[in-house]
Amino acid sequence: MLNAVRAFAYVSGREYVVPEDIKTLAPYVWAHRLVLQNGFINRDNKEQIIENVVAKTTVPTEDWTK
């Protein structure tokens, strides 16, 4: 994942990774690693599950007020 998002950022003209890079690539990088107990599930369903999880996950930020 790390190498994929770094390459994606570079191809996008940046020398740094942003959270949107991870959100964009997560379904493609992680779908083949997801094993569901329901038996045979096609790749599209796995990508959709990952997209839902990523969409519900908040991006961590620094809280400098503490």
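Student: What is the mean pLDDT of the protein chain?
Tutor: The mean is 85, and 86% of the residues reach 70 or more; pLDDT is the predictor's confidence in each residue, from 0 to 100. This is a predicted model, in which local features need pLDDT of at least 70 and side-chain atom pairs count only at pLDDT 80 or more, while totals for chains, interfaces and linings use all residues. Residues are numbered from 1 along each chain as its sequence is written, and side-chain values use heavy atoms, with hydrogens and water left out.

Student: Okay, how many helices and strands are there?
Tutor: The protein chain has 3 helices and 0 strands, in the order α-α-α from the N terminus. Helices (H or I, at least four residues) and strands (E, at least two) are DSSP runs, numbered from the N terminus.

Student: Which helix has the lowest mean pLDDT?
Tutor: That is H3, residues 43-56, at 85, whereas H1 has the highest, 96.

Student: Let's look at H2. Which of its residues are buried?
Tutor: They are Asp 21, Leu 25, Ala 26, Pro 27 and Val 29. Buried means under 20% relative accessible area, exposed over 50%, and partly exposed in between (1.4 Å probe, protein chains only). Across the 66 residues of the protein chain, 20% count as buried.

Student: And why does Asp 21 count as buried?
Tutor: Because its relative accessible area is 2%.

Student: What does Asp 21 touch?
Tutor: Leaving out residues up to four places away in sequence, Asp 21 touches Val 5, Phe 8, Ala 9, Arg 14 and Tyr 16. A contact here means heavy atoms within 4.5 Å.

Student: Which residue forms a salt bridge with Asp 21?
Tutor: Arg 14 does, with the closest N and O atoms 2.8 Å apart. A salt bridge is a side-chain nitrogen of Lys or Arg within 4 Å of a carboxyl oxygen of Asp or Glu. By this rule the count comes to 1 salt bridge, and Arg 14 is buried, as is Asp 21.

Student: Switching to the surface: which residues form a nonpolar patch?
Tutor: Val 17, Ile 22 and Trp 30 do, with about 240 Å² of accessible area together. Patches are made of residues with over 30% relative accessible area and no salt bridge, joining like charges within 9 Å and nonpolar side chains (Val, Leu, Ile, Met, Phe, Trp, Tyr) within 5 Å. The areas come from the Shrake-Rupley method with a 1.4 Å probe, and for residues only the protein chains shown count as cover.

Student: Where is Val 17 found?
Tutor: Val 17 is in the loop between helix H1 (2-11) and helix H2 (19-30). Its relative accessibility is 34%, so Val 17 counts as partly exposed.
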